[in-house]
Amino acid sequence: MTKKTIEQLRSRRWFGGTPQSTEHTGHALQAGYGREEFEGKPVIGIINTWSDMNPCHAHLKERAEAVKRGVWQAGGFPVELPAMSLGEGYVKPSSMLYRNFLAMETEELLRCHPIDGAILLGGCDKTTPGLLLGAISMNLPTIYCPAGFTMGATFRGERFGSGTGAFRWAPELIAGKLSPQEWQTVEQKIWSSPGTCNVMGTASTMTALAEVLGLSLPGASSVPAMDSRGHQLAAAAGRRVVEMVWDDLKPSDILTNQSFTNAAKTCVALGGSTNATIHLIALARRAGASFTLEDFDAIGKQVPVLANVQPSGEYIMPEFADAGGLPAMLSNMTALLDLDCLTVTGQTLGENIEGARVENDDIIRSLDNPVATEALAVLKGNLAPNGCVIKPSASDPALQKHRGKAVVFENANDLAARIHSPDLEVDPSSVLILRNVGPKGGPGMAENGMLPIPKKMVEQGVRDMVRISDARMSGTSFGTCVLHVSPEAYIGGPLALVQNGDEIEINIPERSITLHVDEAELDQRRQAWAPPAPHFKRGWGLLFNDNVSQAHEGCDFEILSSREPNPEPAIHG
Ligand code: FES
Ligand code: MG
């Protein structure tokens with residue numbers, strides 16, 4: 001492989017010794033660096049999503065120091081660039097409203113500064129796809145370093161997973177079976193340390209997919225946040241990205257149709273978050289790979305769930321990691337993977353997982369002893385012409401084929417106001433509908449898709465019902481929840497036309513979703529339908545609404561997913 005020369009470094013446009021570079025050299029000296037510390041060295045931008053409002057990333061300041069150590073060791077010049085942190089719990093109305101914001105910010109931070117290579121520090125849900133989307137479009141040598149997950153806990157004898165544990169016990173609180181004091185213990189145990197949610201939610205799924213795509217060092221996604229290996233791997237990534245700059249190894253050299261197929265298969269084998277369908281499609285489009293929701297369904301039929309991790313399985317991430325983590329799981333499914341895909345190590349996926357072994361075959365299953373056979377299904381029909389998704393492995397087997405009467409909630413506020421009302425007309429066979437919570441309708445497609453079971457039903461012992469929405473649900477959630485209905489209600493999709501009492505049928509084995517109302521009646525309703533008023537009148541929310549694509553297209557902005565290259569910034573002194 002031919003190495004880049006110093007003169008070919010992108011940062012030389014700023015630091016090249018020309019009269020125009022005086023200002024840039026002066027600023028580096030002003031920051032306290034000696035000439036010998038930065039001149040002629042690759043500049044490595046560390047995009048850090050640390051924030052006081054994101055406790056999942058509380059340790060990323062120190063993590064950045066470990067990266068810098070590695071960059072210095074390899075003869076690079078590290079600079080830390082803070083970017084918007086999307087703390088999943090705090091950011092309202094939904095962190096998804098800001099994923100594309102972080103993507104744009106990442107791309108432009110890298111573009112407008114003298115950067116030759118990048119390390120991305122993230123982990124909490126949308127931070128992973130946000131950082132990766134921007135880095136893919138910018139296409140500089142890049143390594144993604146995940147934050148790692150929070151510690152584990154036990155409650156009433158059960159392994160207690162972040163999010164999942166709270167969802168699991170919330171109906172018991174509503175039913176009066178847990179005291180307020182016991183609930184405080186639940187709150188304490190959701191996240192016992194810095195780090196991302198410790199189940200196979202969006203965070204653990206997306207960090208694993210970054211690794212299998214070839215964008216992280218091997219094993220990086222299976223390290224707990226507070227494990228010393230996190231800093232060790234961060235330093236190793238710092239050293240490696242400097243080499244990648246000299247080798248000019250970029251995301252476009254790594255990401256292919258095959259690497260996305262590997263990622264989707266891994267997602268299914270993990271029992272991964274439904275959110276990953278949206279993010280992976282968006283990432284593939286940015287990378288120019290062809291990958292669709294239909295591909296996901298075909299893979300969902302082919303690949304069983306191997307990771308026995310909540311919410312599809314029993315264990316939590318620290319146990320999965322200890323059992324060998326992602327490399328071990330991949331070594332159990334090599335027959336399904338394209339092992340020749342290149343990764344940031346400069347080696348193939350196959351080479352990276354050589355020697356990985358499973359330490360506990362109940363936690364990481366083999367292909368002939370899976371946890372479940374269906375982690376993800378895409379349904380289509382007159383209620384969702386462009387598709388919707390469900391996680392059969394996290395839903396009640398008795399509801400996989402179901403017909404019932406619709407109980408419609410107009411939006412998230414309507415749901416909150418009426419779902420637990422004693423007057424709600426509902427029975428265990430009802431199909432709960434929530435609409436106007438999609439990409440534009442939310443806007444931002446909040447995680448409202450796991451509609452709560454009405455109190456009235458909980459008191460009768462009901463723990464699952466069919467729920468249908470154009471929202472997403474948290475990757476830590478479970479239940480018979482049909483999500484991402486496309487097109488969404490807000491733009492006049494058929495979900496907008498459902499009325500209370502309409503018969504709705506889902507048939508997961510047949511992949512169908514049907515609104516049993518005849519076409520003439522639906523046409524009449526369509527004529528009478530008017531779009532709801534836009535939520536935002538100005539600013540980011542309006543920009544988002546005007547540009548965001550539908551769920552089956554990845555919810556990216558067309559202006560961002562375009563593959564047209566932007567020119568390098570002009571430098572005039
Ligand atoms: Fe940050 Fe779950 S809240 S990863
Ligand atoms: Mg989440």
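What percentage of the 573 residues in the protein chain is buried? Buried residues make up 56%, where buried means that 20 or more other C-beta atoms, placed from the backbone, lie within 10 Å of a residue's own, exposed means 12 or fewer, and partly exposed is in between.

Hi everyone, a quick word on the model first. This is a predicted model, in which local features need pLDDT of at least 70 and side-chain atom pairs count only at pLDDT 80 or more, while totals for chains, interfaces and linings use all residues. Residues are numbered from 1 along each chain as its sequence is written, and chains are lettered from A and ligands numbered from 1 in the order in which they are written.

Now the overall picture. The chain has 22 helices and 14 strands; these are DSSP runs numbered from the N terminus, with helices being H or I of at least four residues and strands E of at least two. Its C-alpha atoms fill a box of roughly 75 × 55 × 45 Å along the principal axes.

Let's look at helix α6, residues 127-138. It packs against α5, residues 99-112, at an angle of about 40°, with the axes 7 Å apart. Here axes are lines fitted to C-alpha atoms, for helices over the stretch in contact, and angles run from 0 to 180 degrees between N-to-C directions. The two helices are therefore oblique to each other, since under 35 degrees counts as roughly parallel, over 145 as roughly antiparallel, 65 to 115 as roughly perpendicular and the rest as oblique.

Helix α6 also meets α9, residues 202-212: their axes come within 9 Å and cross at roughly 35°. That contact is made by Thr-128, Pro-129 and Leu-132 of α6 with Met-206, Thr-207 and Ala-210 of α9, and contact means C-beta atoms, placed from the backbone, within 7 Å.

Next, some backbone details. Most residues other than glycine have a negative phi, and most peptide bonds are trans. Asn-139, in the loop between α6 and β4 (142-146), has a positive phi near 60°. With 17 C-beta neighbours inside 10 Å, Asn-139 counts as partly exposed. Arg-156 has a positive phi too, about 50°, and sits in the loop between β5 (153-155) and β6 (158-160). Arg-156 has 11 such neighbours inside 10 Å, so it counts as exposed.

Finally, two prolines. The peptide bond from Lys-92 to Pro-93 is cis, with omega near 5°, and Pro-93 is in the loop between β2 (77-82) and α5. The bond from Ser-486 to Pro-487 is cis as well, with omega near 0°; look for Pro-487 between β12 (481-482) and β13 (503-507).

Terms used. Contact = placed C-beta atoms within 7 Å.
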